[in-house]
Amino acid sequence: MNDSSWRAPAASGFGGPDQGPAPAGPAYDGRQAAQTRPMPIVSDVPAGDNQDDHDRGAAQPSGPLFRDETPHEHPQEPMSSPSQPAPAPRQQPRQKKSAGRDLGAAIGVGLGLGAVIIASLFIWKAAFVGVIAVAVVVGLWELTSRLQERKGIKAPLVPLAVGGAAMVVAGYVRGPEGAWVAMALTALAVLVWRMTEPPERYLKDVTAGVFAAFYVPFLATFVALMLTAGDGPWRVLTFLVLTVVSDTGAYAVGWRFGRHKLAPRISPGKTREGLLGAVAFAMAAGALCMEFLIDGGTWWQGLLLGLAVAASATLGDLGESMIKRDLGIKDMGTLLPGHGGIMDRLDSLLPTAPVVWLLLVLFVGSG
């Protein structure tokens, strides 16, 4: 057999025996060249988290994919390569802190109320008792109105208003015994007044009524009790100053330095730093007030008094916030521009009044 009689076997799919010998290089059909696609590029990725894909011969992307992002979701964003660093995330402009209220109106209303209180307190004590009674009646009206609007609870306002005013006057005239008697009679009046309506929801209505009688007028009666002392106006002024200073210190320090929430489920705006500010401001003010305003008082007693005021005022504010959250409202009323309602101003004062009255009696007597 000579060399010319030998033919190479035909390659499957590339020509028959009449087409001559196959080419020496890699065989392909020129007519199919336009339909071919390049082979996927497999990167030299060491075996690791993607070992299964590597074993199956899957092509690896040239850059990392975010866990919550796929190329199909963002086709306009090219995938980054190892040689090009990923773009830095765009930083949102930092928003300025807002006080959340009209500070101009709040300051104006606060100065007006302060002038009325100071004038009635030092000119005629009976007039200041009337101021307390009016604040109690308006606060009761706000509280009972919100209870009926938001929860359908009808706490009887008439016996509460009459009994609340009488409670304040009785505390000023007859002392603690008069306040307790007036409180008991007010609770009884609430029970009887509600009997004129159908019995459905009776227990809920009278319970809310007794709570309102204790929460607003009874606690306010301790302000009238402070007023009965010989230096009563100065005791009341000390009580008001310490409560306002505590609230102001909490607001100022919390707004500027607040980072850690104090009770986020109750009042998200309050911070631990704000509480420290309230304590510091109230203790400093307490030392000054006890030293220069209260007969027989000393600075160290003022420190203890300021600490107690900061604690009671904060708890009172949180308690009011708890009530408003349960009712689903921001403010108890709209009577005072920049402040909300009367109850929104009494929230810190009401629970602080018995604390200040008791500590002053312990420190310098009932006078």
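Visitor: With which residue does K270 form a salt bridge?
Guide: In this predicted model, the closest N and O atoms of the pair are 3.0 Å apart, and a salt bridge requires a separation within 4 Å. The partner of K270 is D317.

Visitor: How many residues apart in sequence are the parts that K270 and D317 tie together?
Guide: K270 belongs to strand β2, which spans residues 267–271, whereas D317 belongs to helix α8. The pair therefore links parts whose separation in sequence is 47 residues.

Visitor: Is D317 buried or exposed?
Guide: The relative accessibility of D317 is 17%. Buried means under 20%, so D317 counts as buried.

Visitor: Which helix holds the partner of K151?
Guide: K151 forms a salt bridge with D326, with 3.3 Å between the closest N and O atoms. K151 lies in helix α3 (residues 125–151), so its pairing with D326 ties together parts 175 residues apart in sequence. The helix that holds D326, residues 299–327, is α8.

Visitor: Is D326 buried or exposed?
Guide: K151 has 36% relative accessibility and counts as partly exposed. For D326 the value is 52%; the class of exposed residues begins over 50%, so D326 counts as exposed.

Visitor: What is the relative accessible area of R235, the partner of D231?
Guide: D231 and R235 form a salt bridge, their closest N and O atoms being 2.8 Å apart. D231 counts as buried at 7% relative accessibility. R235 is also buried, and its relative accessible area is 5%.

Technical notes: Residues are numbered from 1 along each chain as its sequence is written. This is a predicted model: local features need pLDDT of at least 70, side-chain atom pairs count only at pLDDT 80 or more; totals for chains, interfaces and linings use all residues. Side-chain values use heavy atoms; hydrogens and water are left out. A salt bridge is a side-chain nitrogen of Lys or Arg within 4 Å of a carboxyl oxygen of Asp or Glu. Helices (H or I, at least four residues) and strands (E, at least two) are DSSP runs, numbered from the N terminus. Buried means under 20% relative accessible area, exposed over 50%, partly exposed in between (1.4 Å probe, protein chains only).
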